[in-house]
Amino acid sequence: MVKVNWMNGIIEPKVNVEIESGKLSGEKVIEVTKRLKDLENIFSAENIRKEMTQDKIVYEVQAHLPVAEGTAAGLFFGTTIIHQGKVGNEYFMTKGHLHKKSDRAEYYWGIKGEGMLLLMDRDRNTWAEKMYKGSLHYIDADIAHRTVNIGDGKLIFGACWLSDAGHNYDEILMNGFSARLIEKDGKPNLVPA
Ligand code: M6P
Ligand code: ZN
């Protein structure tokens, strides 16, 4: 409920973000849950994914969408929680995407847990940036981005992107990233896909 005190023009904010967890509450907050059944052909071991409990949650996204998707020069603000787990020896991760408008950048920042931000340029060079509580990531325009939970608990990170950036999932679904984060001897290794 928005409380308006018209006597002095001071109002309560319409939405809140819990700093410790990134949890959003209030107006115009949407929630999306991605389960193993929603992530066909994302992980290298598709045969193993198919055999796992399909309802298992891989990640959850909350986003504050104050304007309609596609609005020029508006901003969106989101929190993503990637659960701990693996498909075979590949860590749980997001689908990954480019932006429909290829000149749109994005900020990510670490809130909790241990992760990697997988980045790939147009020449298919892939590298991984460490994510942890307090890490800040400027994702340049035209760089494909995917986040990976390499820790032993949840990975939580925040994001802020332009409301007309859009998501282009097709290229990643078709060609993937050129490298994957695979656990070997208990450690994450970036290996060619
Ligand atoms: C971040 C933002 C969102 C994105 C989400 C999950 O919160 O970049 O735009 O939707 O991560 O990533 P994906 O869409 O690749 O599954
Ligand atoms: Zn993005």
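Begin with the second largest pocket, whose lining comprises 4 nonpolar, 5 polar and 4 charged residues (Asp, Glu, Lys and Arg count as charged; Ala, Val, Leu, Ile, Met, Phe, Trp, Tyr, Cys and Pro as nonpolar; the others, Gly among them, as polar). A pocket is an open set of points on a 1 Å grid over the protein atoms alone where a 1.4 Å probe fits, with protein on both sides within 12 Å along at least five of seven lines; lining residues have an atom within 4 Å of a point.

This is a predicted model, in which local features need pLDDT of at least 70 and side-chain atom pairs pLDDT 80 or more, while totals for chains, interfaces and linings use all residues. Residues are numbered from 1 along each chain as written, chains are lettered from A and ligands numbered from 1 in written order, and side-chain values use heavy atoms, without hydrogens and water.

The second largest pocket has a volume of about 190 Å³ (the space filled by probe spheres set on the points). Select K23, E31, E60, Q62 and I81, the closest to its centre of the 13 lining residues.

Next, select V61, H97, W161, H167 and Y169, which lie nearest the centre of the largest pocket. Its volume is about 470 Å³, and its lining has 12 nonpolar, 10 polar and 5 charged residues.

Finally, select the zinc ion (ligand 2), coordinated by H97 (NE2), H99 (NE2), E106 (OE) and H145 (NE2) at 2.0 to 2.2 Å (donors are N, O and S atoms within 2.8 Å of the metal, or 3.2 Å for Na, K and Ca). Along the chain, these donors follow the spacing H-x1-H-x6-E-x38-H. H97 and E106 are both buried (under 20% relative accessible area, 1.4 Å probe, protein chains only).

Key: Buried means under 20% relative accessible area, exposed over 50%, partly exposed in between (1.4 Å probe, protein chains only).
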